[in-house]
Amino acid sequence: MDRRSLLKTGGMAAVGLGLGGCATRTPPAARPSRPMLALAPIRASWDRVIRTTVGLRPHRPSGFMLRLEKLDAKTVVHNYGHGGSGLSLSWGTGALAADLALEAASGDRRAAVLGSGAVGLAATRQLQRRGFDVTIYTMAVPPDTTSNMALGVFSPTSGLVSGRGFTPAWEAQFGRAIEIAYRQLQLLAGSGFGITWMDSYGTMDELPTAQTEARFEREGARLMPARMRASREILYPGEHPFPTRFASRRTSMKIEPSLYLEAMLREAHLFGARTVIRKFDTPRDLMTLDESVIVNCTGLGASELFGDEELMPVKGQLTFLVPQPEVDYGYGCTPRSDGIALGGTQQRGVWTLEPDDEARQRIVTRAIERFAWMRSPAPAVAPSVETFFGEES
Ligand SMILES: Cc1cc2nc3c(=O)[nH]c(=O)nc-3n(C[C@H](O)[C@H](O)[C@H](O)COP(=O)(O)OP(=O)(O)OC[C@H]3O[C@@H](n4cnc5c(N)ncnc54)[C@H](O)[C@@H]3O)c2cc1C
């Protein structure tokens, strides 16, 4: 079995937070004895499938774009290209974008924000906190944005593979963005923004070795500040109900996109923002705006609008089961109030929003196998470890 797969245990396990959290930690020889973990069963079956959604992640191989550009009399602050981590990073890049806007604004505290996804809304709030009067110009508002199609886990390094030539300047921006975002999202937890902390489990038959952990470290989480990595706890036989010898547990934040984006939009309006539905076709269109400071949060739309050839879609598909409020943990799935999210496919360069039926079949079938044992106290045959691996989130 592929060791990386062995450790990659479902949606939450694949996210950036904590992948390298115990890279050099060896499991203790003697472990404390803990009571058996009790988990509400997940009821996966075809008749509980309620929808399949597709979104196109705005991916830039060299990382998100955050910089200031002068266009005649206008100052444009670009803030787009967050790939698989827009919900996670938006408060951070929004703060950096707002600081750039503040430096550029010469007394005029009006700002235009282009886009009303997670990135545009967080940028709006950060601008408002700095005293700007914001108008949001956007082609679409929630629930019709890519941000609404996200899985919704704190995954700031998702889609970033280290060694891909990030510049030191970009890495410094990333470090600042992640610090700000991590703190801000924590402050919103439990206050009506759809943000909660959740345990996620992975399963394994063998304990991870330092070698497999180090490989994880290289592949996923080099960019994550060490103190922010959630430590991974190993559960031993007798301590967990999974049909494997060992299980792992991490605690991380979950951001429910529909609740979060509605709350963000409400909050932006509460602090005086107006929303204007408008599509921009070329940068020349921006010259018609009253505001001289413009923060560009158009996500994948920036590829056409500003001709960014590096920007590409990474198609992602999720399938949802009927919500189960009693399920409060992740295990190759993310439980949300609007359904239990399965999957999170990644197809680079694919522009279609059409659901892929083969992927849907594969993801649901795998989930049915994965959760079957939970319905029966003594499963005749435990599913193989391989059937427990979810898609990338
Ligand atoms: C399946 C899937 C799972 C994901 N899971 C996670 C996750 O768990 N955690 C995470 O952090 N991220 C996740 N993501 C990534 C996340 O969804 C994106 O990074 C995020 O949505 C990007 O936000 P955005 O505001 O830049 O873009 P968008 O949400 O696309 O918003 C762009 C806005 O700009 C507007 N716009 C675009 N072009 C124009 C134009 N020409 N004129 C006017 N307006 C325009 C749009 O109407 C829209 O309002 C996932 C994505 C997918 C598809």
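How many bridges join strand S6 to strand S8, and in which sense do the two strands run? In this predicted model, 10 bridges join S6 (residues 195–204) to S8 (residues 246–255), and the two strands run antiparallel.

- S6 and S8 belong to an open sheet of four strands, whose order is S7-S8-S6-S12 and whose pairing is mixed.
- Strand S7 (233–235) and strand S12 (329–330) are the edge strands, and each of them pairs on one side only.
- Strands of a sheet pair through backbone hydrogen bonds, in either the parallel or the antiparallel sense.

**Strand S4 and its partners**
- Strand S4 covers residues 110–114, and four of its five residues are buried, so the strand is largely enclosed by the rest of the structure.
- S4 pairs with strand S5 (residues 133–138) in the parallel sense, over five bridges.
- In this pairing, Ala111 stands opposite Val134 of S5.
- Between S4 and S5 the chain crosses through helix H3 (residues 118–129), forming a right-handed β-α-β crossover.
- S4 also pairs with strand S10 (residues 293–296), again in the parallel sense, over four bridges.
- Here Ala112 stands opposite Ile294 of S10.

**The largest nonpolar core**
- The largest nonpolar core has 79 residues, of which Val113 and Val295 touch the most other members.
- Helix H2 (residues 86–104) supplies the largest share of this core, with nine residues.
- Leaving aside residues up to four places away in sequence, Val295 touches Val77, Asn79, Ala97, Ala101, Ala111, Val113, Leu114, Ala123 and Leu127.
- In soluble globular proteins, nonpolar side chains tend to be buried together.

**Helices H2 and H4**
- The axes of H2 and helix H4 (residues 168–188) come within 7 Å and cross at roughly 115 degrees.
- H2 passes H4 in a right-handed crossing.
- On the H2 side, the contact is made by Ser88, Leu89, Ser90, Trp91, Gly92, Thr93, Ala95 and Leu96.
- On the H4 side, the residues in contact include Gln173, Arg176, Ala177, Ile178 and Glu179.
- Ile180, Ala181, Gln184 and Leu185 of H4 also take part in this contact.

Note on methods: Residues numbered from 1 in each chain as written. Predicted model: local features only at pLDDT ≥ 70, side-chain atom pairs only at ≥ 80, totals over all residues. Core = buried A, V, L, I, M, F, W, Y, C linked by C-beta atoms within 7 Å. Buried ≥ 20, exposed ≤ 12 C-beta atoms within 10 Å, placed from the backbone. Contact = placed C-beta atoms within 7 Å. Pairing = 2+ DSSP bridges. Right-handed = clockwise from strand over helix to strand, strands pointing away. Axes fitted to C-alpha atoms, helices over the stretch in contact; angles between N-to-C directions. Left-handed = near helix turned anticlockwise from the far one by under 90°.
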